[in-house]
Amino acid sequence: MAMRRTALLVLVLLVAGLVIPASPGWAHSSQPTAAPAAVEVRADFNHDGADDLAIGAPSETVGGLFAAGAAHVLYGSATGLTGTGSQVWTQDSPGVPDTAERGDHFGDALAAGDFDHDGFADLAVGVDLEEVDGAEGAGGVNVLYGSAGGLTGTGSQFFPQVGGAVERSDLFGRALTSGDFNHDGFADLAAAAPEEDVGTLVDPGAVSVLQGSAGGLTTVGGRLFTQVAGVPETDDTFGFALAAGDFNHNGVVDLAVGAPGEVVGSADHAGAVSVVQGSAGGLTTVGGRLLTQVGGAVEPFDLFGVAVAAGDFNGNGVADLAVGANGERVGSVAGAGAVSVLYGSASGLSSVGGQLFTQVGGAPETNDLWGWPLAAGDFNGNGVADLAVGAPFEDVGSVVDAGAVSVLYGSAGGLTTTGGLLFTKDSPGIDGTASERDQFGHALTTGDTG
């Protein structure tokens with residue numbers, strides 16, 4: 001009998017000064033604009049049965065070019081991740097299209113999927129500040145393909161925005177996710193341009209979809225989506241966060257798209273999530289839905305949709321969705337943050353039975369920003385997905401912005417605070433000591449490395 005593999009939660013410590021890469025239009029004291037954080041994705045790039053780890057380092061200097069960006073890959077083994085055979089990819093790597101340039105931010109987002117259906121996972125890398133045809137910050141996506149030897153530059157691709165015009169500061173590639181949106185056996189790629197202009201509107205945002213094929217990702221049949229079930233508005237930043245899951249259990253993957261800048265009623269930047277349904281013809285606006293905060297009042301600068309994560313949190317075989325609202329006020333505490341959970345059903349995601357969680361294992365505090373990032377995985381091996389929630393600006397004792405991560409466990413009744421944990425750098429078994437502005441938990445990932 002095969003042994004059940006338990007997902008590993010990786011808590012990432014980042015250097016001081018890295019904060020949520022907020023849209024410049026978000027004039028809110030708890031949402032400063034700054035350098036991007038590292039990102040991670042796990043997948044089996046060499047098809048040896050162990051997950052490998054790709055780590056985006058968008059601020060890495062390449063050949064003297066600051067923030068040209070890189071992606072580091074560690075390979076899994078029977079004993080876990082190993083440095084043996086590790087790789088560093090940049091836009092100057094052999095076979096990789098384009099050229100490393102200052103401020104490109106190669107590695108600002110990552111997504112893995114078997115885009116050519118050859119049994120090896122492939123890697124899409126966001127380059128959201130790439131200049132394309134003279135348009136600064138238009139953005140792009142590089143794709144590296146898997147092989148028995150791991151990721152390779154052979155057959156690598158570069159895509160600018162699909163289904164729409166390349167424009168300055170679109171930030172195409174800022175968020176990525178993969179899923180088989182048309183159920184043809186090939187993984188497809190959703191790539192966001194959260195600052196895409198729509199008509200005369202500034203930064204309502206958009207998401208492009210590239211289809212997988214025997215030849216890899218292709219622009220043939222590529223589509224561009226703006227906000228679904230709602231009207232595009234200035235600073236919606238539709239596409240700031242993406243997650244893929246079969247929320248209606250029809251066998252086809254759907255797409256959840258965060259728009260944390262969405263105005264709800266008169267509440268500016270309250271935030272919303274659109275759900276775009278998969279079908280035999282690919283993603284479609286038919287039956288699309290717009291969801292706002294569940295389990296709590298909609299308020300200005302909640303930023304609901306700043307993070308999204310899909311997982312089966314109640315073990316019923318249908319994907320559910322966790323949505324971060326890291327600007328949520330908890331009582332009188334501003335910017336404490338919260339996470340809403342919407343459960344999947346035959347009719348899709350529903351607010352019925354929806355939950356709202358505030359920080360688990362610790363007290364909500366001003367500007368903790370609990371709810372960004374999020375990561376789903378089965379951490380205790382019981383077959384039900386659990387949720388890790390970052391609070392990168394959590395104070396630990398008197399240590400400012402040391403950071404923390406909460407874990408909520410899944411159960412037949414859904415996510416629960418029972419047995420919930422809070423990790424900091426001062427927790428037993430974690431190396432190091434909480435230090436000022438560590439922002440521990442600024443990036444999260446899950447996977448099986450051996």
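## Basis of the description

Strands are DSSP runs of E with at least two residues, and helices are runs of H or I with at least four residues, both numbered from the N terminus. The model is predicted: local features need pLDDT of at least 70 and side-chain atom pairs count only at pLDDT 80 or more, while totals for chains, interfaces and linings use all residues. Residues are numbered from 1 along each chain as its sequence is written, and side-chain values use heavy atoms, with hydrogens and water left out.

## The four-stranded sheet

Four strands form an open sheet in the order S2-S3-S4-S5, with antiparallel pairing; two strands pair if DSSP finds at least two bridges between them. Strand S2 (39–43) and strand S5 (82–89) are the edge strands, each pairing on one side only. From one strand to the next, the twist averages 20°, where axes are lines fitted to C-alpha atoms (for helices, over the stretch in contact) and angles run from 0 to 180 degrees between N-to-C directions.

S2 and S3 run antiparallel and are joined by five bridges; glutamate 40 has isoleucine 55 in S3 as its bridge partner. Five bridges also join S3 to S4, again antiparallel, and here alanine 57 is partnered by alanine 70 in S4. Strand S4 (residues 70–75) is linked to S5 by four bridges, with tyrosine 75 facing threonine 82 of S5 as its bridge partner. Strand S3 (residues 52–57) is mostly covered, since five of its six residues are buried; buried means under 20% relative accessible area, exposed over 50%, and partly exposed in between (1.4 Å probe, protein chains only).

## Serine 340

Serine 340 belongs to strand S20 (residues 338–343). Its relative accessibility is 1%, so serine 340 counts as buried. The side chain of serine 340 reaches the backbone oxygen of valine 294 at 2.9 Å.

Contact is defined as heavy atoms within 4.5 Å. Leaving aside neighbours within four places in sequence, serine 340 is in contact with Gln293, Val294, Phe304, Leu321, Ala322, Val323, Gln355 and Leu356.

## Glycine 371

The loop between strand S21 (350–357) and strand S22 (374–377) contains glycine 371. Glycine 371 is buried because its relative accessible area is 0%. Phenylalanine 357 is 14 residues from glycine 371 in sequence and 9.3 Å from it in space, C-alpha to C-alpha.

Not counting residues up to four places away in sequence, glycine 371 touches Val306, Ala307, Gly324, Asn326, Ala338, Val339, Val389 and Gly390.

Note on methods. Polar contact = N/O pair within 3.5 Å; in protein donor to acceptor, adjacent residues only side chain to side chain.
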